[in-house]
Amino acid sequence: MAHIELEKVCKTFHVTRKQKGLAGAVKGLFRPDQREVHAVRDVSFAIEPGELVGFIGPNGAGKSTTIKMLSGILYPTSGRVSVVGLSPQEKRRAVVQRIGAVFGQRSQLNWDLRLGESYELFKRIYRIADDDFERSLSELCEVLGIGDLLDTPVRQMSLGQRMRGELAGAMLHEPDILFLDEPTIGMDIEVKAAIRAFIRDINQRRNTTVLLTTHDLDDVEELCERLIIINQGRIIEDGPLAALIDSITPHRYLIVECDPGTGEPLAGFAHAHAEILERRDSVVRIRFARSQVSASALISELSARYPVRDVSVQEPDIEDVIRTVYGRDVES
Amino acid sequence: MRLYTYLLKLQLLNALAYRFEYLSSIGRNLFFLLGSVFIWRTAYRGIDQVAGVTEAQMVTYAVVAVLMNACFTISIDNVLFSKIRAGEIALDLIRPVNLVWYWMTEDVGRSLAAVTQFALPLLAISLLFVAPPLPAGIEAWLLFLPSCALSFLLLWLLSILVGMTAFWVTDFGDVSSVKTSLVFALSGRLVPMWLFPDLIADASRWLPFQYMFQAPLEIYIGRISATEVVHILSVQAIWVAVFALLVGFVWTRAQRRVFVQGG
Amino acid sequence: MIADVRHHLSVAALYGRLSMQRALEYPFSLLSICLGLGFNYVWIGVALKVLVDRFQPLSGWTFSQLAFLYGLSLMSRGVMSILSFQSRQIDRFVTRGEFDLMLLRPLEITFHFSCNRINVVGLVHLGIGTGYFLYGARLSGFVWTPLHVAEVLLVIAGGTLIYWSYLTLISSIAFWTMRSQPLVDASMELMARGTFYPLTVYPWHLQALLTFVLPLGFIGFYPACDFLGQSANTSLPLDVALWTPAVGIAMLVLALTVFAAGLRRYESAGS
């Protein structure tokens with residue numbers, strides 16, 4: 001049974017647009033400028049237990065709205081939402097008992113209290129048994145390295161310390177599903193690495209299902225086996241990371257270094273399925289369609305005709321994928 | 001100068017934009033106004049005058065007190081608290097303006113806006129439902145204005161002084177709530193100090209608070225003679241001077257503190 | 001069911017403890033708020049005394065009777081203040097989307113929302129109110145029979161409910177308009193004017209308003225009339241007392257309904 005299931009889910013907001021100037025404000029009193037915003041349109045996907053899924057898209061694409069519907073905060077306008085087999089709207093309390101969430105921009109920890117006191121509160125709220133709590137807490141403290149921080153007031157913690165505290169707080173009650181909304185935003189490299197290690201750890205050791213939204217493509221590359229891309233409220237791609245890269249960017253790059261001093265490198269090069277992107281000194285960057293011509297064929301063809309010194313093949317990265325995907329959608 | 005007129009205009013527009021806040025604020029003042037007026041009327045039932053003040057004078061006093069309070073929209077203490085706590089003050093200090101004047105202009109602008117925004121509607125309501133709060137005479141009205149201006153200055157200076165405590169003790173938090181309470185009680189805004197037992201009334205004469213509300217109001221309802229008016233105006237001016245010196249002194253210290261300790 | 005109630009109560013108790021701890025984190029701030037408020041409320045009593053001494057009993061109420069009424073109202077206001085820290089700021093919760101986090105917890109949401117924070121400062125009103133009430137009761141010949149004590153407690157509970165429900169109603173407007181804080185502030189002022197003095201100082205239409213539309217008269221005035229044998233002597237054909245708890249419960253039902261509707265709207269609109 002899928003852990004998370006969405007079926008033709010739509011969410012429409014009515015927003016009142018503020019009108020310009022004093023005259024506009026007065027007019028707005030009597031005839032407000034109402035507009036429908038389709039935040040999420042016909043979204044369907046299913047996530048199985050133990051999956052670690054990256055959920056990405058530009059700002060305002062509908063990521064947060066989707067997560068809010070999954071966690072019972074928002075009601076969908078239409079469609080069916082199911083989390084651990086239940087509707088988060090109808091069985092909110094039962095569902096939220098089994099999910100954990102971290103919203104990067106909003107703290108769940110009590111600003112004025114010591115970190116440990118916030119956990120004490122979660123223990124009470126989620127009805128965690130004493131020994132479960134002890135075990136869970138010591139385990140999390142170890143993985144996240146926050147054991148020394150339990151007696152520190154949250155307001156005195158650094159951004160990275162606080163985020164690690166948030167993650168531990170979201171996992172204390174050992175939820176089946178963890179929603180992470182931009183957990184690495186604003187963190188330095190070291191903290192990012194710690195957070196990623198933690199996510200990988202709970203996913204593997206506890207088999208927690210993780211849905212991760214992020215703008216940081218390194219997060220995606222390092223963590224996610226599967227990627228769901230949303231733009232303008234619609235799911236535009238959903239699949240394993242490697243397959244996505246393949247299907248979306250059919251090009252690879254060839255970096256060719258020629259012997260210096262032999263005139264313009266690769267002069268007069270022409271190929272039906274490859275083209276030169278740029279020449280810099282003796283180095284040339286070529287883009288070729290992978291399905292039409294293999295790298296080895298291209299390389300042997302080149303070294304037969306030109307004084308090639310060195311060749312390397314460059315895989316497209318996730319950034320290319322995403323740029324292509326977003327761009328494609330804007331054009332359509 | 002153009003900067004300051006621009007600020008003035010900006011505050012006026014800003015204030016007009018918040019219609020919801022506006023109506024609620026009118027409501028709050030109205031409740032207070034009606035509360036005081038009806039209590040005074042009940043107190044005066046069958047009594048001509050107390051301490052030389054008639055019912056009509058007292059009702060006028062109460063109405064004008066509410067109008068003044070509605071116009072004195074001074075927020076400098078809260079502005080300072082939040083700026084200092086958020087650490088924004090150092091950024092303000094490097095701007096090429098005199099900050100104290102800058103803040104004062106903001107509050108003067110807001111208060112001028114409040115005259116049309118709050119005083120006029122509240123005045124219209126009291127004309128319709130209570131009584132026209134007329135001054136004792138044209139002379140009283142003319143003397144009321146400078147006295148009222150001095151009251152505003154005095155209250156403003158006290159507020160910025162309270163706000164500046166945050167430079168030293170950020171956790172002072174709502175120390176302005178103590179200030180507000182003291183002013184509410186001892187300024188004669190609620191009940192004029194002359195009605196209190198001699199001990200309190202005499203002590204109050206040596207404190208600055210009654211010169212923030214009671215002084216102009218006494219002039220307005222004509223409770224005091226012309227010579228006494230001169231006396232009151234000079235006491236107000238002296239208090240303003242004392243507070244201005246204090247503010248100047250504390251402000252230099254505060255700036256130095258920010259530059260030395262980085263806010 | 002019982003386990004569920006116990007779970008909620010244990011969370012509330014912990015929230016209470018943490019709120020106090022949190023208030024003590026900023027001792028200066030706490031002290032200045034308490035001093036400011038305390039002085040304010042003491043002074044209103046002093047002003048009433050001056051009024052009675054220099055003029056006459058206010059609408060037939062001596063100072064001790066006024067103190068009794070003022071103290072009674074202030075006690076309810078104190079309890080309300082302790083419990084309503086949240087419901088007075090629905091405004092902030094809506095605009096900052098703070099209900100999101102609350103909806104994430106496996107607790108009944110209205111309960112969770114109300115017990116989330118306890119306002120220690122309310123103890124100041126409660127203390128001063130009790131002081132004035134005891135003073136007024138002693139001097140105005142209030143008899144401390146067990147029945148009277150029970151009645152007073154019921155009145156305080158009912159008064160608290162009226163205050164709380166009324167504020168929650170007003171504050172819930174934010175679910176529709178995003179903004180309600182100024183209206184809440186205005187209501188606090190109205191509540192002070194409507195409960196601290198005998199209603200008979202006001203003309204009949206204001207009395208009617210404060211009896212039937214915004215039933216603030218039931219917080220202090222009508223019960224005090226009954227306890228002190230003061231004829232309500234309103235211009236209204238009404239001689240009621242101890243209706244306070246009933247009115248309170250009616251208001252509570254209304255407030256909870258509106259709050260729930262607002263929350264439903266929040267869930268469909270987000271922030």
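Q: What percentage of the 332 residues in chain A is made up of buried residues?
A: In this predicted model, a residue is called buried if 20 or more other C-beta atoms lie within 10 Å of its own. Of the 332 residues in chain A, the share that is buried comes to 36%.

Q: Are H5(A) and H6(A) roughly parallel or roughly antiparallel to each other?
A: The axes of helix H5 (residues 130–144) of chain A and helix H6 (residues 159–171) of chain A come within 10 Å and cross at roughly 150°, and the crossing is right-handed. Angles over 145 degrees count as roughly antiparallel. The relation of H5(A) to H6(A) is therefore roughly antiparallel.

Q: How many nonpolar residues are there in the contact of H5(A) with H6(A)?
A: From H5(A), the residues Leu140(A), Cys141(A) and Leu144(A) meet Arg164(A), Leu167(A), Ala168(A) and Met171(A) of H6(A). The residues of this contact include no polar and 1 charged, while the nonpolar ones number 6.

Q: Which element gives the largest share of the side of chain C that touches chain B?
A: The contact takes 32 residues from chain B and 30 residues from chain C. On the side of chain C, the elements that give two or more residues are helix H2 (27–54) and helix H10 (181–195). The residues of that side divide into 19 nonpolar, 6 polar and 5 charged. The largest share, 14 residues, comes from H2(C).

Q: Is Leu66(C) buried or exposed?
A: Leu66(C) is found in helix H3 (residues 63–83) of chain C, and, leaving aside residues up to four places away in sequence, it touches Leu48(C), Val52(C), Leu58(C) and Trp61(C). Because 25 other C-beta atoms lie within 10 Å, Leu66(C) is buried.

Q: How many Å apart in space are Leu66(C) and Pro198(C), C-alpha to C-alpha?
A: In sequence, Leu66(C) and Pro198(C) are 132 residues apart. In space, the C-alpha to C-alpha separation of Leu66(C) and Pro198(C) is 7.7 Å.

Methods
Residues are numbered from 1 along each chain as its sequence is written. Chains are lettered from A and ligands numbered from 1 in the order in which they are written. This is a predicted model: local features need pLDDT of at least 70, side-chain atom pairs count only at pLDDT 80 or more; totals for chains, interfaces and linings use all residues. A residue is buried if 20 or more other C-beta atoms lie within 10 Å of its own, exposed if 12 or fewer, and partly exposed in between; C-beta atoms are placed from the backbone. Two residues are in contact if their C-beta atoms, placed from the backbone, lie within 7 Å. Helices (H or I, at least four residues) and strands (E, at least two) are DSSP runs, numbered from the N terminus. Ala, Val, Leu, Ile, Met, Phe, Trp, Tyr, Cys and Pro count as nonpolar, Asp, Glu, Lys and Arg as charged, and the others, Gly among them, as polar. Axes are lines fitted to C-alpha atoms, for helices over the stretch in contact, and angles run from 0 to 180 degrees between N-to-C directions. Angles under 35 degrees count as roughly parallel, over 145 as roughly antiparallel, 65 to 115 as roughly perpendicular and the rest as oblique. A crossing is left-handed if the near helix is turned anticlockwise from the far one by less than a right angle, and right-handed if clockwise.
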